Amino acid sequence: MNAPYDGDRGQGAGGTAPSGGTPAAPASGPAPDPYAPDEQNPYAQDPYVQDAYTHDPYQGRDLSAQDPVGEALYDRAAHPPPPPGTFAEPQPLYQQPAAPQHAPDPRVWAQTPPPEPDGPSRHLPYGDDARTVQFTGVDDLVTHASEEQPEPDAFAHLYRDQQTPGQVPPPAPEPNPMPAPAPKKAGRASGLLKSSAVMAAGTLVSRLTGFVRSLVITGALGAALLGDTYTVAYTLPTMIYILTVGGGLNSVFVPQLVRSMKNDEDGGEAYANRLLTLVMVALGAIVAIAVFAAPLLIRLMSNTIADDAAANSVAVTFARYCLPTIFFMGVHVVMGQILNARGKFGAMMWTPVLNNIVMIATFGLFIWVYGTSAESRMGVQTIPDEGIRLLGIGTLLGLVVQALAMIPYLRETGFRFRPRFDWKGHGLGKTVKLAKWTVLFVLANQAGVLVVTQLATAAGEESGKNGAGFLAYSNAQLIWGMPQAIITVSVMAALLPRISRAASDDDPGAVRDDISQGLRNSAVAIVPVSFAFLALGVPMSTLLYASSGIEAARGMGFILMAFGLGLIPYSVQYVVLRGFYAYEDTRTPFYNTVIVAAVNAAASAVCYVVLPAQWAVVGMAASYGLAYAVGVGVAWRRLRNRLGGDLDGSHVLRTYARLCLASLPAAIVAGAAGFGLLKLLGEGALGSLVALLVGGAVLLGVFFVAAKRLRIAELNSMVGMVRGRLGR
């Protein structure tokens, strides 16, 4: 027969403890209560839970003895119940805290509440700790809305009756009243904004230092054949890298790298090592072949330079110093993308600044030794071999420093490079096939660049004038593209996530509205800047490139003026193509790029044949904008059909037309003021600076007045936002 049932308080019968714990006390003495008041027991000190289990009838009872037969045969005379009054009366489950000595101060908006009593209930999720509670505003709530916090078990204290008697759960650790600023996982929104800010700042500084680099290169080598020779040799590695590895590496390998870091057990480290090893082997072979074939590559880039013995010798020497940079370009990109996948975005954008600094120092040293181009009159026949070695080694050293600077950041994330040659069967072959459209996209783009390079170097040599060749074209294009990189790219960086979400939700109306907004917001700055290039291109160039000579600087100014209005379709094309990328359509941008490259090459060839050699490169700059205008027409029609026949064209066209009407008189007045000041003060640094400042102020003032009269809503919104920021 089962053991007798202790039916009253569970104090007299023997039995086993719940959950197979230690045996209960014998009948001669009461069993110790594990939840009795005790200074060592945290549950006894907490008024919320100290008496929660006082009335537990099963505390010391053997569950196997609970059967009807044992209950019927129970002899109460042999086992009398304990006398009344043996157990303490239960206390209230909650005791109100003592009343405050002073009444609440009505002048204080939110006073600190009285402290909660010590014990486990302090750490329950439904209570606020008065020592750590913070009053959170709406901005903080929105910012941290996407943070993933571990969910505490709100019902863990309810299972205390399943624990062994005498085994008290340890209390939760006491929270630190002043929490240390430990690293916290930021929310997706705040992390994205922070990463975008770091990347944007790095890109801006990199472009500014790159602009200074172009200034010192032009000052050291001039804008004639010698400058074109170095520019062709310096451009050649970038073209080869993009054609061979760069396009696929950025568009296909990087998403695969991120996916492996999310899904693989080792965090993608093995895949990253395989990819880095593969890229290093491939680029090493490409460098070896390219260095050997340097004369053929120079001829492919420019027949004019290859046909001149002195220029060809200098160009081949420069190229053999520059071509090994292909290896370090690829290594830098792979390392940067490994860091990006691990949440480190700054190094990828900031390390190119080191390359620019090294090159600026190198060409500055060249100028310090040999003087500027205007002073030394140095050409391809007179440049010393020591000078070629200095510039070549400095160019190579810049890319080496840029790549090696990534290693400390990789080590900080815990990544260790170990060469791995087990490439087969790990998805690298399939990834290569996915890069087809991107490689064709890059090939079409570089084909157009190759044609322009051939024609521009030939025109510059035939003209016999400085500032009419390929270096002048490159420098003017560098100035012209900066507003696009700073304004349009920044606007679309904020809108692109919204466009992508709307495309994934199959909401063409939202995609249309966001693209329309991106076009109109960027146009407020892009349109007047493009007219500013048209009106003030000459004083801009004579101020920046005066060290290369007035003739060369003026030639660059004319090229910049020809580029000017092409900034408008170039910016529109960038925004419209984001719509295709939002739908993960890369084939349409490829076809569009083929059209742009073909029109640019054909129009440049016509300019080379029809125009005088001195003005041929100016016509090529205008052809660049014409090609993008044609590309915009094609891309606009295709995207409109993709979105159901509506792209808010009338609204966008009306905004651009009003901005052009406001910019035209401003450009005429500013151009006249700048031209008059140049004639009055000369085209030196002082005259160019005064002409640029006065002309810019006139253009901005006239444009603002005209835009206000035309009631351009986007400009009014921007002005209101700026005034709100300034508190006026």
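I call a residue buried under 20% relative accessible area, exposed over 50% and partly exposed in between, with a 1.4 Å probe and protein chains only. The model is predicted, so I read local features only at pLDDT of at least 70 and side-chain atom pairs at 80 or more, while totals use all residues. Residue numbers run from 1 along each chain as its sequence is written, and side-chain values use heavy atoms, without hydrogens or water.

**Cysteines.** I looked at Cys 322 and found it buried, at 1% relative accessible area. Cys 660 is partly exposed, at 26%. I then counted disulfides, taken as cysteine sulfur pairs within 2.5 Å. The count is zero.

**Asp 228.** I located Asp 228 in helix H5, residues 225-263. Helices here are DSSP runs of H or I with at least four residues, and strands are E runs of at least two. Which side chain of opposite charge is nearest to Asp 228? It is Arg 213, 15 Å away. Asp 228 is buried and has no salt bridge. For that I required a Lys or Arg side-chain nitrogen within 4 Å of an Asp or Glu carboxyl oxygen. A polar atom of the Asp 228 side chain does lie 2.7 Å from the backbone nitrogen of Leu 471. I also listed contacts, meaning heavy atoms within 4.5 Å. Leaving out residues up to four places away in sequence, Asp 228 touches Ile 305, Thr 457, Gly 469, Phe 470 and Leu 471.

**Whole chain.** I noted 25 helices and zero strands. Of the 728 residues, 43% are buried. Among contacts with a separation of 6 or more, 80% join residues 24 or more positions apart.

Conventions. Lys and Arg count as positive and Asp and Glu as negative; His and the chain ends are not counted. A polar contact is a pair of N or O atoms within 3.5 Å; within protein, one must be able to donate a hydrogen and the other to accept it, and residues adjacent in sequence count only if both atoms are side-chain atoms.
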